[in-house]
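Biologist: I would like to learn how to read helices in a model. Where do we begin?

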Amino acid sequence: MIFKPVLKNRFYLYFSFLLTILIIICISYFSTLYIEKNVKSKILEISTNDVFEIIDNTSNEIKEIILKNKEEFDLLTKENIINKKHHFFELLDKKIQTLKTKNIKYAYLLYMDKNASFRFIADASKGDEKAKLNEKFDVDSQTWIDAYNTKKSTLIKHDFLDELFITYLKPIVIEDQTIIFALDFSIKKIDEISSTIFLIKIFLISLWLLILFLFIILLYQTFKFYMAKKISYIDRLTGIYSRNYLQDYEMFLDLKKYVLCAIDVDYFKKVNDTYGHIVGDDILIQITKTIKNQIRSNKDIFIRYGGEEFCLLIRKDEKDDEFSINLINKIHDSFKNKQFKISNNEEIPITISIGVNLLPHNQRNFVSAFKLADIALYNAKNKGRNAIEIYQEKKEDEQFLTIGEIEEAIQNDMVVCYYQEIINESENSQTKHYEALIRIIKNGQIYLPEKFIATIKDTFIATKLTKELLKIIYNKLDGCDLDLLISLNLSPQDLQNESIINILKSYSKQKDISSRIALEIVETDEIINYENTTKTIIELKELGYKIYIDDFGSGYSNFIYLAKIKADAIKIDGSIISTINSDKLSYLVAKNIINFANEADIDVIAEHVSTKEIYDTVKALGINKFQGYYFSKPT
Amino acid sequence: MKIFIILLISLFPLFSKNIYFVQSSSNIQELEAKIVSQIATTFIDKPKIFISGAEEKLIFYFSKNLTIEKNCNNADFIYIKKGSNVDINNCIHKNKIIFTDDKHTFKNNKNIFGAFYWFKSRPNVKISSKKAKSLGLKIPEDYLKFLD
């Protein structure tokens with residue numbers, strides 16, 4: 001899973017957080033500097049371009065003035081007499097004084113004497129700042145001499161002078177001589193630009209701060225969201241992933257890499273009801289630990305699917321094909337000799353049933369893949385629990401119906417009932433008794449309950465199907481002979497479903513309906529251990545329905561319960577009847593059930609009577625109600 | 001909150017008015033003290049300096065490199081600040097090296113050996129070749145460009 005390591009290791013979270021903030025700070029810092037630099041250069045270029053043009057024009061005028069007074073000029077540059085007065089020089093002073101502004105601090109003309117020293121010809125300054133004619137000027141860099149020699153206009157940037165920003169040097173060539181027209185730009189210029197840039201910078205920084213602030217808030221909220229999510233992903237009791245985790249991340253699971261297991265704790269309701277929920281919870285924690293000790297925490301995904309059901313995704317080992325199966329066996333074996341504490345002194349054994357889907361990626365999604373693991377689990381439980389059952393694809397004609405197909409069948413009235421007669425050999429009986437057996441027809445093919453019941457177990461589709469069955473039976477009985485009795489099977493969930501009970505109640509209000517319906521209920525822990533279900537059964541009996549206990553002897557054969565609900569009849573499990581002649585134990589079980597039933601005045605029905613030999617045996621034991629192929633097939 | 005404050009502090013440099021364009025204002029007095037001290041140590045070994053009319057801060061900068069004397073008679077290098085009214089006549093004719101920061105004083109007083117002053121906003125150093133000769137000082141090659 002992508003987020004698993006991130007969520008597990010806080011270091012990654014904090015590191016990513018700080019790294020991102022650092023990146024934002026760096027970007028903001030350098031981008032602001034870059035923008036500042038470029039904007040400043042651009043503003044400077046725009047604001048000085050005009051000045052440079054004016055300087056170029058003034059240079060031409062200076063050149064003309066000097067050319068007119070060339071003799072005087074030549075004499076001056078040879079004599080080097082300081083402070084000589086001449087109207088020609090005053091004229092040059094006046095000319096360059098026009099360029100002095102608050103931004104141009106100094107404007108002056110220099111020539112180079114025979115000793116390669118620069119000396120003043122003219123200076124626009126006044127007072128103490130004004131240089132005298134022929135006064136020496138010590139230049140502060142080689143750039144001056146380079147500008148003089150190359151005769152190219154040059155810009156000098158002053159980094160270390162407090163009052164000057166740049167100096168513009170404009171060489172003026174007059175015949176065989178060159179003079180330098182120098183202009184020092186005041187720092188005021190850059191101060192003005194800086195003020196403008198400062199405002200832009202403040203805006204940029206504010207913007208960055210706002211972005212950073214929003215980013216931090218966003219990050220904080222995201223962090224909080226993920227922490228909340230993380231909490232919701234963890235089952236509080238066991239500390240493993242909850243179903244929420246699966247719901248959110250099932251789409252990211254690469255099912256090719258996993259083997260999917262559905263694990264159920266056997267008879268857990270009994271534990272809960274016997275020892276209480278606190279012990280039940282404690283047992284669940286111990287079970288989780290036992291399984292966690294076997295799996296790899298960094299590879300396998302262990303989820304509490306609900307109640308006592310777990311989902312385990314075992315990551316396949318590319319080098320060892322049998323790794324997953326071995327691990328499943330290991331998990332199952334770890335329960336074999338283990339005792340689970342229910343108090344300081346008491347321990348009980350616990351077993352688990354495991355349904356395995358070895359090829360979950362063959363399904364469209366996780367839900368479908370899990371359904372198959374659940375079907376395998378259902379089979380494991382049907383085989384007596386404490387078992388591992390691997391789901392195997394059946395041949396096409398044995399294929400299970402999907403939930404969608406079952407729902408479609410209900411909507412399109414493709415749910416039908418087959419009826420198998422229950423023979424009553426009692427002397428006085430006139431009633432014709434049939435068991436309604438549900439079938440689904442799809443593409444002309446008839447599907448038996450084992451092809452769809454497991455798929456819809458515990459879903460609302462199962463309820464829909466029961467309602468459909470009730471509707472069919474009601475229609476069959478309505479307006480039919482009064483001596484017709486129809487049995488139908490109800491699951492524990494049906495008996496706990498209010499809407500189904502309401503339907504049965506409404507039928508009972510109509511004349512001669514409930515008295516002609518027998519409800520066949522399989523005796524399971526879910527029925528026996530729930531007081532409400534027992535009450536419901538008794539209530540239905542009072543409404544006129546006959547109550548049959550189906551598959552009696554297969555698992556829960558609770559005689560006390562049988563007496564409690566006052567069942568009208570019990571149907572001995574088919575597996576006992578079909579082996580009654582070959583298995584002595586089956587014979588003894590059947591005999592004892594019949595004896596008890598006779599004592600308790602409860603009818604007994606033998607189902608799966610497929611041969612005359614079986615019929616003779618059960619008849620000899622005192623049964624006079626039979627159902628099976630020996631008499632008729634469902635039609 | 002702590003992180004936010006740290007971030008604000010880290011961004012503070014951006015608020016400074018000039019980051020790249022203009023260097024921070026150099027300390028003029030420190031520069032002045034450095035240049036004059038350099039000149040003094042060029043001509044005198046372990047010079048003792050008397051500074052006339054200087055602020056405490058400038059004296060402090062000088063004290064980093066030179067020994068400060070409160071009496072000009074005990075000093076071998078005298079630095080006269082512009083506008084100073086301290087009477088140093090007793091010391092002027094005692095073959096001491098006298099330096100000033102006033103261009104005009106340097107031009108008009110033949111006893112002054114040299115000057116450090118700001119001209120056209122640039123630091124300027126001038127040394128009187130005549131005074132150097134009268135003091136018997138040999139001007140190093142690096143200083144020839146400063147001769148007036």
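Modeller: With length: the expected span of a helix is 1.5 Å times one less than its number of residues. This is a predicted model. Helix 18 of chain A, residues 531–542, has 12 residues and should therefore span 16 Å; its end C-alpha atoms are 17 Å apart, which agrees.

Biologist: Which residues of helix 18 of chain A are buried?

Modeller: An α-helix has 3.6 residues a turn, so residues three or four places apart point the same way. In helix 18 of chain A, the buried residues are A:Thr536, A:Ile537 and A:Leu540. They cover an arc of only 100 degrees around the axis, so they lie on the same side of helix 18 of chain A. A:Glu531, A:Lys535 and A:Glu542 are exposed on the other side.

Biologist: What covers the buried residues of helix 18 of chain A?

Modeller: The cover includes helix 15 (492–495), helix 16 (498–508) and helix 19 (559–565) of chain A, along with strand 18 (517–522) and strand 19 (546–552) of chain A. After helix 18 of chain A comes A:Gly544, with a positive phi near 115 degrees.

Biologist: How do I read a pair of helices?

Modeller: Two packed helices are described by the angle between their axes and the distance between the axes. Helix 12 (residues 403–411) and helix 14 (residues 460–477) of chain A pack at about 30 degrees, their axes 10 Å apart. Angles under 35 degrees count as roughly parallel, so helix 12 of chain A is roughly parallel to helix 14 of chain A. Their crossing is left-handed. Helix 12 of chain A makes the contact through A:Ile403, A:Ile406, A:Glu407 and A:Ile410, and helix 14 of chain A through A:Ile461, A:Lys464, A:Leu465 and A:Glu468.

Note on methods:
Residues are numbered from 1 along each chain as its sequence is written. Chains are lettered from A and ligands numbered from 1 in the order in which they are written. This is a predicted model: local features need pLDDT of at least 70, side-chain atom pairs count only at pLDDT 80 or more; totals for chains, interfaces and linings use all residues. Helices (H or I, at least four residues) and strands (E, at least two) are DSSP runs, numbered from the N terminus. A residue is buried if 20 or more other C-beta atoms lie within 10 Å of its own, exposed if 12 or fewer, and partly exposed in between; C-beta atoms are placed from the backbone. The arc is that of the directions from the helix axis to the C-beta atoms. Two residues are in contact if their C-beta atoms, placed from the backbone, lie within 7 Å. Axes are lines fitted to C-alpha atoms, for helices over the stretch in contact, and angles run from 0 to 180 degrees between N-to-C directions. Angles under 35 degrees count as roughly parallel, over 145 as roughly antiparallel, 65 to 115 as roughly perpendicular and the rest as oblique. A crossing is left-handed if the near helix is turned anticlockwise from the far one by less than a right angle, and right-handed if clockwise.
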